[in-house]
Amino acid sequence: MFDWRSPAEWRRLWRYYQAGILNLLFGFGLFALFLSLGVNVYVAQTCAHLLGMTFNYFTYSRYTFNDNKGSKFLFFISYIVNYFINIGFVTLFVQFMSSAYLAGFLSAVLGSLINYVVLKRFVFFVQKAE
């Protein structure tokens with residue numbers, strides 16, 4: 001899963017979160033924009049996720065996993081799964097929080113942790129860090 005002793009693994013994880021911060025800002029920015037325009041929280045999450053998926057493919061494939069050939073199809077499938085995970089988190093969080101913004105932000109953060117493992121193992125096929 002994660003080789004804690006490998007410097008290459010730590011570099012990849014660092015690059016993932018560098019790209020992830022940019023992706024998060026992009027996706028959350030879209031989510032917040034849609035909410036500010038009066039769009040329903042679930043529609044806002046769906047639209048932000050779909051638009052962010054394309055943006056994310058380029059940042060992850062070119063920056064984080066640039067040494068591995070990735071599958072666009074598997075990336076798409078992983079983001080469908082990631083979408084349902086994020087919707088599940090949003091659904092859970094809006095039950096307990098008064099801020100849809102905070103619910104969307106927390107769902108994105110937790111979803112990113114799961115997404116790293118999925119992208120590494122099943123999309124970009126990184127088996128072992130150097």
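I started at F75 and listed its contacts beyond four places in sequence: M53, N56, Y57, Y60, L119, V123 and F124. A reminder to myself that this is a predicted model.

Next I looked up the core. The largest nonpolar core holds 14 residues, and F75 is among those with the most contacts inside it, together with Y16, Y60, F65, Y79, L119 and F124. Two or more residues of this core come from each of α1 (7-36), α2 (41-64), α3 and α4 (100-123). I also found another core lying apart from it, made of eight residues, including L30, F31, L35 and V41.

Then I turned to F124. I found it in the segment after α4. Is F124 buried or exposed? It counts as buried because its relative accessible area is 1%, below the 20% cut-off. Setting aside neighbours within four places, I noted contacts from F124 to Y57, Y60, S61, F65, N68, K69, G70, F75 and L119. I also checked F124 against A44: they sit 80 residues apart in sequence and 28 Å apart in space, C-alpha to C-alpha.

On the surface, I picked out a nonpolar patch of F73, F76, I77, I80, V81 and F84, with about 570 Å² of accessible area together. V81 belongs to helix α3 (residues 72-96). I logged V81 as partly exposed, since its relative accessible area is 46%, between the 20% and 50% limits.

Last, confidence. The protein has an average pLDDT of 87, and 93% of the residues reach at least 70. Among its elements, I saw the highest mean pLDDT in α3 (91) and the lowest in α4 (88).

Methods
Residues numbered from 1 in each chain as written. Predicted model: local features only at pLDDT ≥ 70, side-chain atom pairs only at ≥ 80, totals over all residues. Heavy atoms only, no water. Patch = residues over 30% accessible without salt bridge, like charges linked within 9 Å, V, L, I, M, F, W, Y side chains within 5 Å. Areas by Shrake-Rupley, 256 points an atom, 1.4 Å probe, with all protein chains shown as cover. Salt bridge = Lys/Arg side-chain N within 4 Å of Asp/Glu carboxyl O. Helix = DSSP H or I, 4+ residues; strand = E, 2+ residues; numbered from the N terminus. Buried < 20%, exposed > 50% of the residue type's maximum accessible area, 1.4 Å probe, protein only. Core = buried A, V, L, I, M, F, W, Y, C linked by side-chain atoms within 4.5 Å. Contact = heavy atoms within 4.5 Å. pLDDT = per-residue confidence, 0-100.
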